[in-house]
Amino acid sequence: MEMNIALLKGDGIGPEIVDSAVCVLEKIGEKFGHKFNFTPYLIGGCAIDAVGEPLPKETVEGCLAADSVLLGAVGGPKWDTLPGNMRPEKALLGIRAAMELYTNLRPAKLYPALKDDCPLRADIAKDGFDILIVRELTGGIYFGDRGYREGKYGEEAYDTECYSRFEIERIARAAFEAAKLRRCNVISIDKANVLESSRLWRKTVHEIAEEYPEVTCTDMLVDNAAMQLVKNPSQFDVIVTSNMFGDILSDEASQITGSIGMLASSSLGDTKRGLYEPIHGSAPDIAGQNKANPIATILSAAMMLRYAFSLEAEAKCIEDAVDAVLEAGIRTADIAKDGKSIGTKEMTAEILKRI
Ligand code: NAD
């Protein structure tokens, strides 16, 4: 296959970790006979510095024309005092909207080799866990009616949770499709005992479940889900949930893995193209020092191979190489235990060796 990939390196550690992922993709290309063409575009603070805006038109056009997009991270103290619409982070919302990405896939996996980094009790962490949170990204309370008004006690503010059947159907399908590539189990999370929007959510998810008889589907209330994630995380395979519940639960799930530098994510729309990025930010405190853990971005590239290009063996090859590096006790500083660590480039080289 020949694939055109737009690279949005961004700010801080963004360029270092995206360069690592590019090396890994090139190695995969050599091994499996694929050609990846990479085109870099400006986004975030570096775009503000170069052309005066965080999301230039050329970047949007380049991403829309590409087969897939790999993003590092944006932002940093240099741009923190700019007005809201000129902030680097604004570019993230802009590019997701321009690409019409409504599904956010957030894996949270506890690697056996990193069990000691897990903040949960040893008897809970002992079996590890491998969860995929499918979060609806463009609907719900973050995008609903909002405003200020005079109420019984004077000034009040409100936000509205609203979901259409259409929005729930498409996110449910995304979750069932993802489950088919995993352990075929979906838990849909809502607050159907209180919220009308959750009752439509639950009903619609079960209607879509009938199209996927090979996948089991159950419901869980969001308050229980928050508890179950720390009590018994290994019960979860795929979680599907709304924008706000997914925002909160995916951060909770990332914390129980113990390490922010290991977690990939992707945002998908109707086309398979998608935007692939680590969940962490631009880490300005370690930028340019060869200290960043490149694994989250390398695993984001693996997700791209799996979801954008249906290259399962190639994705698995990267994931196995990461597993092997961790099993060998090789660590960047953020996941090192006994003070022994290597840099971004050296970690990338260790992963390349195992592909
Ligand atoms: P952060 O994720 O950048 O950093 C938090 C801590 O984790 C820091 O100590 C950092 O050194 C460490 N860290 C993060 N990624 C790491 C990696 N790969 N390897 C090793 N250590 C790593 O979060 P923050 O400090 O709150 O934000 C810094 C900047 O990033 C801000 O400008 C913020 O707005 C931006 N940000 C961007 C994104 C994005 O681009 N998607 C997401 C979150 C934050």
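**Cavities, ligand and pocket in a predicted model**

The largest cavity holds about 50 Å³ of space. This is a predicted model, in which local features need pLDDT of at least 70, side-chain atom pairs count only at pLDDT 80 or more, and totals for chains, interfaces and linings use all residues. Residues are numbered from 1 along each chain as its sequence is written, and side-chain values use heavy atoms, with hydrogens and water left out.

On a 1 Å grid over the protein atoms alone, a cavity is a set of points where a 1.4 Å probe fits but cannot get out; lining residues have an atom within 4 Å of a point. Points are joined across faces, edges and corners, and a volume is the space filled by probe spheres set on them. Two cavities of 30 Å³ or more are counted.

The lining of the largest cavity includes Glu161, Tyr163, Asp190, Lys191, Trp201 and Phe245. β8 (185-190) and α7 (196-209) each give two or more residues to this lining. Helices (H or I, at least four residues) and strands (E, at least two) are DSSP runs, numbered from the N terminus. The largest share, three residues, comes from α7. By class, the lining has four nonpolar, three polar and three charged residues. Here Ala, Val, Leu, Ile, Met, Phe, Trp, Tyr, Cys and Pro count as nonpolar, Asp, Glu, Lys and Arg as charged, and the others, Gly among them, as polar.

The second largest cavity has about 30 Å³ of space. Lys109, Tyr111, Thr257 and Met262 are among its lining residues. That lining divides into five nonpolar, two polar and one charged.

Now the ligand. There are 20 residues around the ligand (a heavy atom within 4 Å). Glu89, Gly281, Ala283, Asp285 and Asn293 come nearest. The shell has nine nonpolar, seven polar and four charged residues. Polar contacts are pairs of N or O atoms within 3.5 Å. A ligand oxygen is 2.4 Å from a side-chain N or O atom of glutamate 89. Backbone polar atoms also take part: valine 74 at 2.9 Å from a ligand oxygen, and glycine 76 at 3.1 Å from a ligand oxygen. The protein covers 68% of the 810 Å² of accessible area (Shrake-Rupley, 1.4 Å probe) that the ligand has on its own.

Last, the open space. A pocket is an open set of points with protein on both sides within 12 Å along at least five of seven lines. The largest pocket has a volume of about 740 Å³. It is lined by 30 residues, with Leu92, Leu93, Arg96, Arg135 and Glu277 nearest its centre. α9 gives the most to this lining, five residues.

Terms used
A polar contact is a pair of N or O atoms within 3.5 Å; within protein, one must be able to donate a hydrogen and the other to accept it, and residues adjacent in sequence count only if both atoms are side-chain atoms.
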